[in-house]
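This report goes through one protein chain, from its overall make-up to single residues. Please keep the sequence and the model in view while reading.

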Amino acid sequence: MLHRVYAFVLRFFKEVFLPPYEFKEVIRQCYETGVRSFTLITLTGFIVGVIFTKQSRPSLTDFGATSWLPSLVSIAIMKALAPLVTALIAAGKVGSSIGAELGSMRVTEQIDAMEVSGTKPFKFLVCTRVIATTITIPLLATYTAFIALLGGYLNVSQNEGTTYAVFMDQAFEPLTFIDFWASLIKAIVFGFTIGIVGCYQGYNSTKGTEGVGKAANGAVVTAMFLVFIEEVLIVQIAGWFR
(Lines give C-alpha, C1' and ligand atoms only; values in the text may rest on other atoms or scores of the structure.)
Protein backbone atom coordinates (compact mmCIF):
# COMPACT_ATOMS: atom_id res chain seq x y z
CA MET A 1 0.00 0.00 0.00
CA LEU A 2 2.86 2.36 0.82
CA HIS A 3 4.27 1.70 -2.63
CA ARG A 4 0.91 2.55 -4.25
CA VAL A 5 0.65 5.75 -2.24
CA TYR A 6 4.21 6.73 -3.17
CA ALA A 7 3.55 5.99 -6.86
CA PHE A 8 0.30 7.99 -6.73
CA VAL A 9 1.96 11.07 -5.22
CA LEU A 10 4.91 10.77 -7.61
CA ARG A 11 2.52 10.55 -10.57
CA PHE A 12 0.80 13.74 -9.40
CA PHE A 13 4.04 15.72 -9.32
CA LYS A 14 4.97 14.29 -12.70
CA GLU A 15 1.71 15.13 -14.48
CA VAL A 16 0.86 18.44 -12.80
CA PHE A 17 3.61 20.24 -14.72
CA LEU A 18 2.84 18.65 -18.10
CA PRO A 19 0.27 19.97 -20.62
CA PRO A 20 -2.63 20.16 -21.11
CA TYR A 21 -3.36 22.54 -18.24
CA GLU A 22 -6.96 22.35 -17.04
CA PHE A 23 -7.33 25.94 -15.80
CA LYS A 24 -11.14 25.99 -16.10
CA GLU A 25 -11.48 22.81 -14.07
CA VAL A 26 -9.07 24.13 -11.41
CA ILE A 27 -11.19 27.28 -11.09
CA ARG A 28 -14.36 25.20 -10.84
CA GLN A 29 -12.83 23.00 -8.16
CA CYS A 30 -11.64 26.10 -6.25
CA TYR A 31 -15.25 27.28 -6.30
CA GLU A 32 -16.50 23.90 -5.08
CA THR A 33 -13.85 23.71 -2.37
CA GLY A 34 -13.72 27.33 -1.23
CA VAL A 35 -16.93 29.20 -1.97
CA ARG A 36 -19.24 26.33 -1.06
CA SER A 37 -17.42 25.97 2.29
CA PHE A 38 -17.58 29.71 2.99
CA THR A 39 -20.69 29.72 5.18
CA LEU A 40 -19.59 26.74 7.28
CA ILE A 41 -16.10 28.17 7.74
CA THR A 42 -17.48 31.58 8.73
CA LEU A 43 -19.78 30.14 11.37
CA THR A 44 -17.14 27.78 12.74
CA GLY A 45 -14.42 30.45 12.91
CA PHE A 46 -16.68 32.93 14.70
CA ILE A 47 -17.79 30.33 17.26
CA VAL A 48 -14.18 29.26 17.89
CA GLY A 49 -13.16 32.86 18.60
CA VAL A 50 -16.08 33.53 20.95
CA ILE A 51 -15.81 30.24 22.88
CA PHE A 52 -12.02 30.39 23.27
CA THR A 53 -12.26 33.95 24.61
CA LYS A 54 -15.06 33.07 27.04
CA GLN A 55 -13.20 30.00 28.31
CA SER A 56 -9.91 31.88 28.76
CA ARG A 57 -11.31 34.88 30.67
CA PRO A 58 -11.97 33.17 34.05
CA SER A 59 -8.41 31.82 34.25
CA LEU A 60 -6.87 35.21 33.43
CA THR A 61 -9.25 36.97 35.84
CA ASP A 62 -7.95 34.83 38.72
CA PHE A 63 -4.47 36.24 38.09
CA GLY A 64 -5.64 39.77 37.30
CA ALA A 65 -4.34 39.48 33.74
CA THR A 66 -7.44 40.10 31.62
CA SER A 67 -5.46 42.71 29.66
CA TRP A 68 -3.52 39.78 28.14
CA LEU A 69 -6.70 38.28 26.68
CA PRO A 70 -6.31 39.76 23.13
CA SER A 71 -2.71 38.50 22.93
CA LEU A 72 -3.66 35.05 24.20
CA VAL A 73 -6.53 34.75 21.74
CA SER A 74 -4.45 35.88 18.76
CA ILE A 75 -1.55 33.56 19.60
CA ALA A 76 -3.84 30.54 19.90
CA ILE A 77 -5.84 31.35 16.77
CA MET A 78 -3.05 32.44 14.44
CA LYS A 79 -0.55 29.77 15.48
CA ALA A 80 -2.78 26.72 15.76
CA LEU A 81 -6.56 26.99 15.74
CA ALA A 82 -7.20 28.73 12.41
CA PRO A 83 -5.29 26.33 10.09
CA LEU A 84 -6.18 23.27 12.16
CA VAL A 85 -9.92 23.97 12.44
CA THR A 86 -10.09 24.87 8.74
CA ALA A 87 -8.29 21.67 7.79
CA LEU A 88 -10.57 19.49 9.92
CA ILE A 89 -13.70 21.11 8.51
CA ALA A 90 -12.34 20.74 4.97
CA ALA A 91 -11.33 17.12 5.57
CA GLY A 92 -14.88 16.31 6.60
CA LYS A 93 -16.62 18.28 3.88
CA VAL A 94 -14.23 18.43 0.93
CA GLY A 95 -12.24 15.24 1.51
CA SER A 96 -15.30 13.05 1.78
CA SER A 97 -16.84 14.72 -1.26
CA ILE A 98 -13.75 14.10 -3.39
CA GLY A 99 -13.46 10.50 -2.21
CA ALA A 100 -17.13 9.75 -2.88
CA GLU A 101 -17.17 11.51 -6.27
CA LEU A 102 -14.08 9.80 -7.66
CA GLY A 103 -15.07 6.50 -6.06
CA SER A 104 -18.43 6.65 -7.79
CA MET A 105 -16.75 7.41 -11.10
CA ARG A 106 -14.37 4.49 -10.62
CA VAL A 107 -16.98 1.85 -9.77
CA THR A 108 -19.28 3.00 -12.59
CA GLU A 109 -16.30 2.72 -14.98
CA GLN A 110 -16.45 6.39 -16.01
CA ILE A 111 -12.70 6.72 -15.40
CA ASP A 112 -12.04 3.66 -17.57
CA ALA A 113 -14.17 5.21 -20.32
CA MET A 114 -12.13 8.42 -20.14
CA GLU A 115 -8.92 6.44 -20.53
CA VAL A 116 -10.30 4.56 -23.55
CA SER A 117 -11.45 7.80 -25.20
CA GLY A 118 -7.90 9.15 -25.12
CA THR A 119 -8.32 11.79 -22.39
CA LYS A 120 -6.17 11.95 -19.27
CA PRO A 121 -8.48 11.25 -16.31
CA PHE A 122 -5.67 11.52 -13.75
CA LYS A 123 -4.79 14.99 -14.98
CA PHE A 124 -8.41 16.15 -15.16
CA LEU A 125 -9.74 14.52 -12.00
CA VAL A 126 -6.81 14.32 -9.56
CA CYS A 127 -4.41 17.14 -10.39
CA THR A 128 -7.12 19.78 -10.58
CA ARG A 129 -8.64 18.81 -7.23
CA VAL A 130 -5.31 18.67 -5.41
CA ILE A 131 -4.29 22.06 -6.82
CA ALA A 132 -7.66 23.51 -5.79
CA THR A 133 -7.42 22.31 -2.18
CA THR A 134 -3.79 23.45 -1.94
CA ILE A 135 -4.82 26.95 -3.04
CA THR A 136 -8.14 27.36 -1.21
CA ILE A 137 -7.33 25.90 2.23
CA PRO A 138 -4.69 28.61 3.00
CA LEU A 139 -7.17 31.29 1.89
CA LEU A 140 -9.91 29.79 4.05
CA ALA A 141 -7.51 29.47 7.01
CA THR A 142 -6.57 33.16 6.75
CA TYR A 143 -10.24 34.09 6.58
CA THR A 144 -11.00 31.82 9.56
CA ALA A 145 -8.27 33.53 11.61
CA PHE A 146 -9.73 37.01 11.09
CA ILE A 147 -13.30 35.84 11.68
CA ALA A 148 -12.20 34.14 14.92
CA LEU A 149 -10.39 37.32 15.99
CA LEU A 150 -13.60 39.24 15.25
CA GLY A 151 -15.52 36.86 17.51
CA GLY A 152 -12.89 37.30 20.21
CA TYR A 153 -13.03 41.08 19.87
CA LEU A 154 -16.83 41.18 20.22
CA ASN A 155 -16.61 39.15 23.42
CA VAL A 156 -13.79 41.27 24.85
CA SER A 157 -15.50 44.49 23.83
CA GLN A 158 -18.74 43.44 25.50
CA ASN A 159 -17.03 42.68 28.82
CA GLU A 160 -14.08 45.12 28.97
CA GLY A 161 -15.16 47.84 26.56
CA THR A 162 -11.95 47.49 24.52
CA THR A 163 -11.94 49.34 21.20
CA TYR A 164 -11.24 47.57 17.92
CA ALA A 165 -7.96 49.45 17.35
CA VAL A 166 -6.63 48.63 20.82
CA PHE A 167 -7.69 44.98 20.52
CA MET A 168 -5.95 44.49 17.17
CA ASP A 169 -2.83 46.30 18.38
CA GLN A 170 -2.57 44.00 21.39
CA ALA A 171 -3.51 40.94 19.32
CA PHE A 172 -0.73 41.29 16.74
CA GLU A 173 1.97 42.58 19.09
CA PRO A 174 3.21 39.16 20.31
CA LEU A 175 3.15 37.56 16.84
CA THR A 176 6.31 37.28 14.78
CA PHE A 177 7.05 36.84 11.08
CA ILE A 178 7.84 33.17 11.69
CA ASP A 179 4.40 32.62 13.24
CA PHE A 180 2.63 33.86 10.11
CA TRP A 181 4.85 31.82 7.80
CA ALA A 182 4.43 28.68 9.91
CA SER A 183 0.63 29.05 9.81
CA LEU A 184 0.69 29.60 6.04
CA ILE A 185 2.91 26.56 5.45
CA LYS A 186 0.63 24.48 7.69
CA ALA A 187 -2.42 25.47 5.68
CA ILE A 188 -0.70 24.71 2.36
CA VAL A 189 0.46 21.28 3.57
CA PHE A 190 -2.97 20.53 5.05
CA GLY A 191 -4.66 21.50 1.78
CA PHE A 192 -2.36 19.27 -0.27
CA THR A 193 -2.87 16.38 2.16
CA ILE A 194 -6.67 16.63 2.08
CA GLY A 195 -6.68 16.76 -1.72
CA ILE A 196 -4.23 13.94 -2.34
CA VAL A 197 -5.80 11.63 0.27
CA GLY A 198 -9.33 12.19 -1.03
CA CYS A 199 -8.23 11.61 -4.62
CA TYR A 200 -6.20 8.50 -3.74
CA GLN A 201 -9.07 6.90 -1.83
CA GLY A 202 -11.60 7.64 -4.55
CA TYR A 203 -9.39 6.92 -7.57
CA ASN A 204 -8.44 3.48 -6.23
CA SER A 205 -11.79 2.42 -4.77
CA THR A 206 -13.25 -1.01 -5.58
CA LYS A 207 -16.17 -3.28 -4.65
CA GLY A 208 -19.02 -1.23 -6.09
CA THR A 209 -21.14 1.00 -3.90
CA GLU A 210 -19.54 -0.40 -0.76
CA GLY A 211 -16.21 0.87 -2.03
CA VAL A 212 -17.62 4.39 -2.51
CA GLY A 213 -18.60 4.55 1.16
CA LYS A 214 -15.22 3.22 2.24
CA ALA A 215 -13.46 5.75 0.00
CA ALA A 216 -15.36 8.67 1.54
CA ASN A 217 -14.83 7.40 5.07
CA GLY A 218 -11.16 6.61 4.45
CA ALA A 219 -10.56 10.05 2.96
CA VAL A 220 -11.87 11.79 6.10
CA VAL A 221 -10.20 9.58 8.70
CA THR A 222 -6.82 9.39 6.96
CA ALA A 223 -6.72 13.12 6.16
CA MET A 224 -7.52 14.07 9.76
CA PHE A 225 -4.91 11.67 11.11
CA LEU A 226 -2.23 13.03 8.78
CA VAL A 227 -3.21 16.64 9.57
CA PHE A 228 -2.52 16.08 13.27
CA ILE A 229 0.83 14.45 12.51
CA GLU A 230 1.82 17.31 10.20
CA GLU A 231 0.72 19.83 12.85
CA VAL A 232 3.17 18.32 15.34
CA LEU A 233 6.02 18.16 12.82
CA ILE A 234 5.59 21.73 11.54
CA VAL A 235 5.33 23.15 15.07
CA GLN A 236 8.54 21.33 15.98
CA ILE A 237 10.36 22.58 12.88
CA ALA A 238 9.10 26.16 13.37
CA GLY A 239 10.36 26.03 16.96
CA TRP A 240 13.91 25.51 15.69
CA PHE A 241 13.85 28.90 13.93
CA ARG A 242 12.61 30.88 16.93
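## The chain as a whole

Of the 242 residues in the chain, 45% are buried, where buried means under 20% relative accessible area, exposed means over 50%, and partly exposed lies in between (1.4 Å probe, protein chains only). This is a predicted model, in which local features need pLDDT of at least 70 and side-chain atom pairs count only at pLDDT 80 or more, while totals for chains, interfaces and linings use all residues. Residues are numbered from 1 along each chain as its sequence is written, and side-chain values use heavy atoms, with hydrogens and water left out.

The chain has nine helices and zero strands; these are DSSP runs (helices H or I, at least four residues; strands E, at least two) numbered from the N terminus. The pattern along the sequence is α-α-α-α-α-α-α-α-α. Along the principal axes, the C-alpha atoms fill a box of roughly 70 × 35 × 30 Å.

## Surface and contacts

The chain exposes about 12700 Å², and carbon and sulfur atoms supply 70% of that area. Accessible areas come from the Shrake-Rupley method with a 1.4 Å probe, and for residues only the protein chains shown count as cover.

A contact here means heavy atoms within 4.5 Å. Among the contacts with a separation of 6 or more, 84% are between residues 24 or more positions apart.

## Salt bridges

Side chains of opposite charge can pair when their charged atoms come close. A salt bridge is counted when a side-chain nitrogen of Lys or Arg is within 4 Å of a carboxyl oxygen of Asp or Glu. By this rule there are nine salt bridges. One of them joins arginine 36 and glutamate 32, at 3.0 Å from N to O. Arginine 36 is partly exposed at 49% relative accessibility, and glutamate 32 is partly exposed at 29%.

Another salt bridge pairs aspartate 179 with lysine 79, with the closest N and O atoms 3.8 Å apart. Aspartate 179 lies in helix H8 (residues 177-203) and lysine 79 in helix H4 (residues 69-107), so this pair ties together parts that are 100 residues apart in sequence. Aspartate 179 counts as buried because its relative accessibility is 5%, whereas lysine 79 is partly exposed at 30%.

## Helices H4 and H6

Glutamate 101 and arginine 129 also form a salt bridge, their closest N and O atoms being 3.0 Å apart. This pair links distant parts of the chain, 28 residues apart: glutamate 101 is in helix H4 and arginine 129 in helix H6 (residues 121-160). Glutamate 101 is partly exposed at 32% relative accessibility, while arginine 129 is buried at 2%.

How do the two helices meet? The axes of H4 and H6 come within 7 Å and cross at roughly 145 degrees. Axes are lines fitted to C-alpha atoms, for helices over the stretch in contact, and angles run from 0 to 180 degrees between N-to-C directions. The contact of H4 with H6 has 19 nonpolar, four polar and two charged residues. In this classing, Ala, Val, Leu, Ile, Met, Phe, Trp, Tyr, Cys and Pro are nonpolar, Asp, Glu, Lys and Arg are charged, and the others, Gly among them, are polar.

## Backbone details in two loops

Most residues other than glycine have a negative phi, and most peptide bonds are trans. The peptide bond from proline 19 to proline 20 is cis, with omega near 0 degrees. Proline 20 is in the loop between helix H1 (2-15) and helix H2 (23-33).

Glutamate 109, a residue other than glycine, has a positive phi, near 65 degrees. Glutamate 109 sits in the loop between H4 and helix H5 (110-116) and counts as exposed, at 53% relative accessibility.

Lysine 24 belongs to helix H2. Is lysine 24 buried or exposed? At 75% relative accessibility, lysine 24 is exposed.

Threonine 193 is in helix H8 and is buried, at 4% relative accessibility. Leaving out residues up to four places away in sequence, threonine 193 touches Leu226 and Glu230. The C-alpha atoms of threonine 193 and alanine 219, which are 26 residues apart along the chain, are separated by 10.0 Å.
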